[in-house]
Amino acid sequence: MAALTLKQIAEKLGGEAIGPAELLIEGISSYESAGESDLTYADSRRLLPAAEQSRAAAVIVPREIESSVKPIIRTDNPRLAFARALELFWPRRRPQPGIHPTAVVGAGVEIGPGVHVGPHVVIGDAAKLASGVEVHALTSLGDEVEIGDDTVIYPRVSVYHRVRVGKRCIIHSGCVVGADGFGFVRSDNGSYIKVPQVGTVIIEDDVEIGANCAIDRATTDATIVGRGTKFDNLVQVGHNVRIGRHCIIVAQVGISGSVVVGDGAVLAGQAGIADHLTIGEGATVCARAAVMGNVPPHTIVSGYPARPHKEQLRAEAASLKLPEALVELRRLRRRLEEIEERLKQDGRG
Amino acid sequence: MAALTLKQIAEKLGGEAIGPAELLIEGISSYESAGESDLTYADSRRLLPAAEQSRAAAVIVPREIESSVKPIIRTDNPRLAFARALELFWPRRRPQPGIHPTAVVGAGVEIGPGVHVGPHVVIGDAAKLASGVEVHALTSLGDEVEIGDDTVIYPRVSVYHRVRVGKRCIIHSGCVVGADGFGFVRSDNGSYIKVPQVGTVIIEDDVEIGANCAIDRATTDATIVGRGTKFDNLVQVGHNVRIGRHCIIVAQVGISGSVVVGDGAVLAGQAGIADHLTIGEGATVCARAAVMGNVPPHTIVSGYPARPHKEQLRAEAASLKLPEALVELRRLRRRLEEIEERLKQDGRG
Amino acid sequence: MAALTLKQIAEKLGGEAIGPAELLIEGISSYESAGESDLTYADSRRLLPAAEQSRAAAVIVPREIESSVKPIIRTDNPRLAFARALELFWPRRRPQPGIHPTAVVGAGVEIGPGVHVGPHVVIGDAAKLASGVEVHALTSLGDEVEIGDDTVIYPRVSVYHRVRVGKRCIIHSGCVVGADGFGFVRSDNGSYIKVPQVGTVIIEDDVEIGANCAIDRATTDATIVGRGTKFDNLVQVGHNVRIGRHCIIVAQVGISGSVVVGDGAVLAGQAGIADHLTIGEGATVCARAAVMGNVPPHTIVSGYPARPHKEQLRAEAASLKLPEALVELRRLRRRLEEIEERLKQDGRG
């Protein structure tokens with residue numbers, strides 16, 4: 001980890017330092033655990049006091065903050081500046097280029113310049129690793145797999161045959177890309193006959209996939225993950241799914257076969273999407289929602305089954321009132337009966 | 001990928017070709033992405049127009065279709081015929097028999113004829129691999145594991161000691177079969193003491209297990225997966241579970257300890273079953289259902305907590321009407337109060 | 001598996017044998033599948049008849065049981081005694097100490113006495129394995145990883161760089177500890193920029209982690225799993241999470257970023273916790289609960305969204321009555337209308 005002055009950091013972040021230019025910053029941290037020579041950040045004026053009361057040496061703040069009890073760096077987007085500052089202090093460690101002698105590399109494999117292939121990696125025949133690719137220890141790449149420039153594949157990943165991964169992707173440990181889709185035909189005697197899954201998976205550029213995800217290959221075409229989409233851990237993607245660009249897929253989401261997810265959609269944690277549905281562009285599926293129908297673009301859904309989020313909130317509020325309403329209903333019936341009784345007597349009288 | 005004539009394909013599928021017998025088919029695809037020399041299929045008369053309007057050269061259709069604007073192959077079960085045709089065009093690639101020199105094979109291991117053991121596989125002592133077994137790269141088989149004829153274990157699978165896998169099974173990448181069941185005794189000071197899990201797992205014949213599933217070993221006996229059952233990805237099976245034959249377990253299902261699942265049951269995506277319950281033969285647990293009680297044979301349950309599916313649908317429909325009903329309830333009370341007020345005045349008057 | 005007399009077992013368990021002291025016990029099992037020379041257990045008087053009717057040779061029972069039709073061993077805690085007896089019959093098999101010649105060990109790695117490093121293990125630079133550690137086949141430990149005394153890491157685990165694991169932990173196959181947390185900043189053009197995750201993970205002593213779990217490293221500090229906490233399979237832990245001591249985290253639970261879980265909490269199967277929440281000490285989150293707010297200490301929550309369990313049960317009971325209540329509501333309105341009509345006529349008359 002390097003040490004930089006307040007001024008140096010401000011320059012690298014395109015921000016403006018207010019405070020002692022030569023102040024030495026030796027680390028970076030959230031305000032909760034910042035040490036005395038750490039830089040931290042406050043996303044908004046509201047969060048500034050917490051950062052000011054922390055032990056941090058200086059704070060990255062929005063442009064509208066003019067001064068502080070602490071040295072500050074004013075930036076357009078403090079969270080983005082914080083991300084950039086993290087890169088300054090923790091520059092990505094790249095492993096040595098070269099193929100580890102214990103790696104097993106198939107016939108006709110093309111390996112670009114600067115590629116790292118770690119210990120005990122297994123690469124099938126006719127695979128292609130473009131320039132700067134990192135394939136870490138104990139990963140298996142099948143025959144004819146193609147990996148684009150500067151993609152990082154962490155230890156213990158499986159990429160089945162013929163899968164294509166784009167440029168600058170990151171695939172975390174435990175992922176399985178290109179296993180067979182779940183396709184069976186039920187025979188007359190109740191047993192299931194496998195439908196061969198002869199398609200593939202295409203991961204476009206700048207995709208990140210968290211640990212232990214599973215993305216199945218298509219039956220005949222390709223399961224597609226669009227450019228810039230980010231997956232958290234333990235996500236399931238069925239066969240023939242097409243996910244758009246710049247989507248966010250949070251942990252433990254399940255996407256059934258043949259679903260289409262539009263660009264910029266957000267699927268929050270543990271959400272599930274039934275098969276053959278379409279999630280519109282820019283839509284948000286809230287955490288744990290169970291989507292059983294198409295979701296229009298730029299809408300928010302939640303609940304089980306999922307419905308428009310506002311409707312779901314109204315339904316939840318209503319359900320909280322239900323026990324009381326049932327009591328009220330009984331009470332009304334009794335009052336009604338009393339009236340009926342009285343009117344009957346009046347009628348008789 | 002081979003190329004075959006319409007007539008050749010029809011013969012191999014036991015179907016009847018109507019159209020130019022020598023028409024050359026070079027591939028197979030869904031109708032959405034079929035090319036001009038591809039074969040596709042239509043499951044029913046309703047789906048025929050879409051296939052007819054596709055670019056496909058020919059269509060597999062049900063027997064009752066007599067003609068089409070495209071060459072057709074009439075079969076009893078188009079989806080099954082499609083599965084078989086996929087096998088014709090994409091015959092399964094079997095790896096070379098033999099043990100890769102980088103594999104580490106324990107003492108007293110029995111290896112049958114035609115077995116493939118891939119690079120960096122690790123096999124414990126006294127394991128048995130029957131005829132035609134494929135164990136792909138980077139897989140770990142524990143001591144005394146037994147694998148039946150022609151089973152395929154994809155790269156990066158863990159099979160713990162003494163687990164038995166039947167014939168013609170397929171286990172996908174990332175699966176863990178036979179890890180310890182989740183068993184602890186709470187001690188007086190609040191800490192947990194491990195209950196040793198000394199049982200095992202038995203996977204019967206013709207089972208397929210998707211990527212990144214976890215099937216725990218029993219405490220003292222065996223967790224059992226019955227013949228012909230198919231698992232999708234990321235499924236959790238607790239210790240002492242017994243799953244019947246020809247079940248379908250969709251992605252991200254969780255089956256708690258000691259559950260019994262009857263033959264032919266279907267557990268849809270993200271369903272969960274609480275411990276010690278019985279899911280009856282032929283029952284269907286709908287997607288995301290949270291089963292908290294036994295499910296009778298041949299019934300369908302859904303919801304959280306799960307109940308009979310029709311009841312759940314009625315409850316959902318009712319809950320949609322609840323906000324309006326609460327308004328109506330208030331309105332009725334006001335009307336009732338008006339009547340009461342009037343009767344009181346009448347009484348006084 | 002050893003064979004022991006009833007008396008020997010009772011002595012080792014600190015229990016009292018009632019029956020033939022020299023009775024030879026050759027195994028141990030649940031009562032359902034006990035053989036004629038097996039020991040089994042009954043947790044309470046209620047469960048004793050089932051154990052008595054089993055084929056078992058003898059039964060571990062609570063102290064308050066004075067006699068039985070079978071030989072018994074009276075103990076304070078039969079389930080704990082059963083766990084201990086399992087250890088007697090199935091003593092843990094420890095692999096040979098030593099580093100397998102196929103393991104790839106980085107520069108400056110410190111390895112304590114009695115350590116086992118299995119085949120095809122890959123260990124990064126400057127890692128430290130304390131005394132008695134077992135690292136099984138095909139596991140990857142990153143640079144500067146530290147593993148405490150007697151911890152067991154099963155085959156095919158990934159521990160990313162700088163993660164620290166305590167003493168006597170057990171990590172099952174397929175786990176990924178220390179992959180990047182899910183942190184991105186949305187840029188103006190809708191694409192996402194990665195926030196480097198430069199923190200780490202600390203697993204304290206006596207933790208067990210089931211198969212295929214994913215525990216992410218913190219953004220700048222440490223994701224922490226407290227001493228004695230036990231994880232089932234396929235659990236997701238986001239970045240910056242702090243889990244207390246002696247917690248139980250059942251299969252497929254998802255814990256979002258920055259959540260704090262208090263000591264002794266229980267998160268049951270498939271539960272989900274939204275980000276930045278606090279689960280109080282000793283709280284119980286029921287199976288499948290979707291927690292969207294803080295949970296006070298020593299409370300029980302369930303439902304989606306989660307609420308106090310009793311309230312949730314009342315709500316469920318009420319919702320069962322809703323369809324009937326809607327009918328009743330319509331009926332009341334008709335009766336009310338009849339009264340109104342009559343009063344109108346009376347008024348006119």
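Strands here are DSSP runs of E with at least two residues, and helices are runs of H or I with at least four, both numbered from the N terminus. I count two strands as paired if DSSP finds at least two bridges between them.

Before anything else, I noted that this is a predicted model: local features need pLDDT of at least 70, side-chain atom pairs count only at pLDDT 80 or more, and totals for chains, interfaces and linings use all residues. Residues run from 1 along each chain as its sequence is written, while chains are lettered from A and ligands numbered from 1 in the order in which they are written.

**Chain A**
I looked up the sheet and found an open one of 10 strands with parallel pairing, in the order β9-β12-β15-β18-β21-β26-β29-β32-β35-β38. Its edges are β9 (104-105) and β38 (290-291) of chain A, and each of these pairs on one side only. I then picked one pair inside it: β29 (residues 236-237) runs parallel to β32 (residues 254-255) in chain A, over two bridges. For A:V237, the bridge partner in β32(A) is A:I255.

**Chain B**
Here I got an open sheet of nine strands, again with parallel pairing, ordered β10-β13-β16-β19-β24-β27-β30-β33-β36. The edge strands in chain B are β10 (110-111) and β36 (278-279), each pairing on one side only. I checked β30 (residues 242-243) against β33 (residues 260-261) of chain B: they pair in the parallel sense over two bridges. B:R242 sits opposite B:V260 in β33(B).

I superposed the copies by least squares on C-alpha atoms of residues with pLDDT of at least 70 in both. A rotation of 120 degrees with 0.0 Å of shift along its axis puts chain A on chain B, RMSD 0.1 Å. That is how a three-fold axis relates copies.
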